[in-house]
Amino acid sequence: MVLIRRILMVCMMALPMPMMAQVEDAVEQWLEEGVGEYEVSEWIDMQQQFRDNPVNINDTNAVETLPFISPFQIQALKNYILLYGQLLSIKELRLVPGFDSLTVAMLSPILKVEPYESSRRIGWKNLLTGGRHTIVTGVGGTVEQAEGYRNGKYDGDNLRTIVSYSYNYRHNLSFRFSADKDPMEAWGKDNFYNFHLMLKDIGRLEKLIVGRYNLQFGQGTTLWTGFRPFHLTGDVPVRYASGVRPSGVFYEESWQQGVAATVRLGRGFHLSGFSSLNGDEKLSGGHLDYRRGNLVLGVTAFGADRFYLGADALWQYGVLQLFGEVSAAGDALAAVGGVRVSASDRNSFGVTLRHYDPDYRNPYANAYAISSTVNETGMTLDARVQLPWSLQSLLSVDLYRYPSPRYASNAPSTGAWLRAQLVRSFGSHVEASARYAWRQKQRNIPNIDSTLYLSEQTLWQELQCRVRAEWGAWRFTTRATLSQFDAEHAAEQWGRMVSQEVRWEHLGWQLTAQGTWFDVDGYYARIYLTEACPQYAFSSPMLNGKGFRTMLMVRYEISNRLALSAKYTLAVYPGVESVGSGNAATHGDHRQGWVLRLRWKF
């Protein structure tokens with residue numbers, strides 16, 4: 001049997017890995033769904049940290065730290081290694097039950113394959129000589145000065161300046177310190193500083209963090225801070241909680257500060273405890289979970305401004321997976337649960353139900369929702385289906401209701417959101433995808449007396465087509481987007497965009513150029529554009545108005561340890577006298593931006 005598996009693995013080595021346009025689409029989709037740029041930048045930062053310090057696929061304890069990995073996949077990987085020996089290639093993951101081709105392709109840039117010996121001990125000599133140091137520093141800003149700098153409304157200059165130092169020893173120890181001065185800020189005033197020290201897998205100690213961290217338990221109805229991934233592959237939005245983990249390096253929201261730890265109690269039990277003091281905000285509590293085979297049960301309890309309590313569960317039986325969490329804050333409840341059926345590698349179906357009371361006020365909750373974990377009831381149907389002609393389809397339909405008034409709606413309201421995507425690969429070099437989104441919801445009728453509680457139906461829809469091709473050192477990505485917004489008592493708005501990216505990589509050089517034309521009638525038809533960026537300089541500009549945007553980025557690996565990146569952007573809005581409004585306005589019909597980054601690893 002082992003020989004047969006190894007022969008299959010060798011055959012799979014010749015198969016092309018599927019391209020990842022759908023993963024790139026996910027970033028824009030997150031922004032459309034209301035995920036903030038800080039959260040998306042934390043995801044990109046997390047990916048970059050793993051790229052700088054790839055995880056050995058044969059070290060299953062380290063693999064547990066990866067995003068989008070379920071406890072059942074970890075158990076399947078452990079069983080595979082126990083039966084057939086350590087993996088010889090990343091592509092061999094496709095032979096492990098529960099790892100589909102898309103997941104393998106998504107993880108491949110942040111994995112490595114090495115023989116693993118669990119008996120290796122941590123010593124001072126190893127810490128001093130075997131660790132990896134990374135320093136990233138940079139500066140960026142706009143060429144044009146905004147009105148706020150000229151009239152003295154802004155304290156500082158228009159530059160964003162960063163510095164970050166990190167140390168990693170295997171997956172057992174990490175330390176990081178960073179400082180970030182945003183535009184408008186003066187040095188030493190309101191700047192952002194971040195730090196953490198983390199120990200992992202030392203005896204019964206699973207994880208210990210001192211500094212700033214995030215807490216992610218259950219399905220997010222009780223306690224979940226930091227990045228919230230949804231709809232990456234079109235499956236049911238089930239969460240695979242990471243427990244306690246360091247906060248994003250420049251993530252300025254939703255983190256805790258203090259001490260957090262997780263210990264193994266034995267017999268499948270794990271206990272996490274945390275205590276945080278962030279200004280006047282105090283938070284302390286714990287999470288107890290039981291993991292055995294295909295079952296995970298957990299209880300979360302903590303105190304802050306009030307006491308919060310929740311219970312969660314994950315269970316997998318063959319192709320069936322059940323998940324859910326119920327939480328209480330005072331007399332109010334929040335609950336989410338669902339079922340997923342994975343019929344094969346490329347076919348899965350699921351349904352998710354959620355109900356969050358209007359009085360469920362929990363600022364630390366971040367469960368799946370169209371809006372937030374309060375005042376919302378809904379049902380989501382998801383499917384990923386392999387169609388004829390090698391078409392991979394993703395579909396999500398969400399029907400929801402707000403039982404009480406909310407922002408922009410002074411009465412209870414309803415809505416629906418449909419998202420669909422088709423992806424097809426043509427050989428190993430070309431991939432085409434089309435994504436369609438349709439959303440209907442209610443809002444107050446503009447410019448009338450709000451006490452009348454009159455509402456109108458609004459409709460937003462967007463169609464995006466993308467073609468990506470790779471030949472040798474060249475990669476070409478063409479994207480076209482059409483959006484529309486319509487309301488009963490408002491003028492119709494349209495958005496149009498065509499973008500072309502060209503990337504070339506050779507002998508340590510990476511050059512990326514992108515040109516974009518857009519014509520967007522108004523804010524409600526806005527279109528998000530993702531661009532290649534240097535590390536810690538995530539950019540997804542919101543396109544509104546009519547104009548052109550160009551981008552050029554150069555990255556050069558001076559050596560295996562030193563890399564320099566530079567980016568320049570130019571946005572032109574013909575016929576306007578200024579770009580932006582208020583203190584953020586700049587004179588002229590264009591705006592230029594630039595970023596420099598230097599990364600040193602030793």
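I began with a rule: a charge sits over a ring if NZ of Lys or CZ of Arg is within 6 Å of the ring centre and within 35 degrees of the ring normal. The model is predicted, so I noted that local features need pLDDT of at least 70 and side-chain atom pairs count only at pLDDT 80 or more, while totals for chains, interfaces and linings use all residues. Residues are numbered from 1 along each chain as its sequence is written, and side-chain values use heavy atoms, with hydrogens and water left out.

I found arginine 160 over the face of phenylalanine 250, at 5.3 Å from the ring centre, and the charged end of arginine 526 over the ring of tyrosine 523, 4.1 Å from its centre.

Next I looked up ring pairs, where rings of Phe, Tyr and Trp (its six-membered ring) pair if their centres lie within 6.5 Å, and planes under 30 degrees apart count as stacked, over 60 as edge-to-face and the rest as tilted. The count by this rule is 19 aromatic pairs. I recorded phenylalanine 192 and tryptophan 255 as tilted, because their centres are 6.2 Å apart and their planes stand at 50°. Both residues, phenylalanine 192 and tryptophan 255, are buried (under 20% relative accessible area, with exposed over 50% and partly exposed in between, using a 1.4 Å probe and protein chains only).

I then turned to phenylalanine 250 again, which forms an edge-to-face pair with tyrosine 536, at 5.0 Å centre to centre and 85° between the planes. Phenylalanine 250 and tyrosine 536 are both buried.

Last, I noted a cluster in which ring pairs link Phe302, Tyr308 and Tyr364.
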